[in-house]
Amino acid sequence: MLFSFPKYFYQNTGNDTAYQVVIIDTLSTDLDLSTFLPGPSSHAYNVRVLPGRQLMFSFPGINLLDSMSNEADSQGFVQFSIYPAADI
């Protein structure tokens with residue numbers, strides 16, 4: 001079995017600083033949730049596993065600039081690793 005390394009990219013395309021970013025995604029049943037490991041990120045974050053196989057990545061106090069003010073500093077990413085389900 002091979003690890004999967006999903007990477008989520010985000011960007012503030014608004015017109016002001018984003019003070020908090022939250023990403024919520026539902027994981028496929030083809031992935032083994034018990035093997036989930038948080039990984040690297042461009043900004044400090046917290047992660048929670050929610051009911052329904054949802055992952056929530058939150059970036060409190062991120063102060064992410066908007067893309068019109070600063071393209072490079074308006075972006076970020078978070079990555080994690082997870083194994084596929086054993087029956088795949």
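Q: How many helices and strands does the chain have, and what pattern do they follow?
A: This predicted model has 0 helices and 6 strands. Read along the sequence, that gives β-β-β-β-β-β.

Q: Why is serine 81 called buried?
A: Buried means under 20% relative accessible area. Serine 81, found in strand E6, comes in at 9%, so serine 81 goes down as buried. As for what surrounds it, serine 81 touches Phe3, Ser4, Phe5, Thr35, Phe36 and Leu37, leaving aside residues up to four places away in sequence.

Q: Why is phenylalanine 3 called partly exposed?
A: Phenylalanine 3 sits in the segment before strand E1 (7-11), and its relative accessible area is 31%. Partly exposed covers what lies between the buried limit of 20% and the exposed limit of 50%, so 31% puts phenylalanine 3 in that class.

Q: What makes Phe3 part of a nonpolar patch on the surface?
A: A patch residue needs over 30% relative accessible area, and phenylalanine 3 has 31%. Nonpolar side chains are joined into a patch within 5 Å, and here Phe3 goes with Phe5 and Leu37. Together they have about 290 Å² of accessible area.

Q: Why does asparagine 12 count as buried?
A: Asparagine 12 is in the loop between E1 and E2. With the limit for buried at under 20%, its 9% relative accessibility means that asparagine 12 counts as buried. Its contacts, again without residues up to four places away, are Thr17, Ala18, Leu64, Leu65, Asp66, Ser67 and Ser74.

Q: What makes a set of residues a nonpolar core, and which residues have the most contacts inside the largest one?
A: The members have to be buried nonpolar residues joined through side-chain atoms within 4.5 Å. The largest core has 17 of them, and Val21, Ile23, Phe57, Phe59 and Phe80 have the most contacts inside it. Two or more residues each come from E1, strand E2 (18-26), strand E5 (54-64) and strand E6 (75-81). E5 gives the most, with 5 residues.

Q: Which residues does isoleucine 23 touch?
A: Beyond four places away in sequence, isoleucine 23 touches Tyr8, Tyr10, Leu55, Met56, Phe57, Phe59 and Val78.

Note on methods: Residues numbered from 1 in each chain as written. Predicted model: local features only at pLDDT ≥ 70, side-chain atom pairs only at ≥ 80, totals over all residues. Heavy atoms only, no water. Patch = residues over 30% accessible without salt bridge, like charges linked within 9 Å, V, L, I, M, F, W, Y side chains within 5 Å. Areas by Shrake-Rupley, 256 points an atom, 1.4 Å probe, with all protein chains shown as cover. Salt bridge = Lys/Arg side-chain N within 4 Å of Asp/Glu carboxyl O. Helix = DSSP H or I, 4+ residues; strand = E, 2+ residues; numbered from the N terminus. Buried < 20%, exposed > 50% of the residue type's maximum accessible area, 1.4 Å probe, protein only. Contact = heavy atoms within 4.5 Å.
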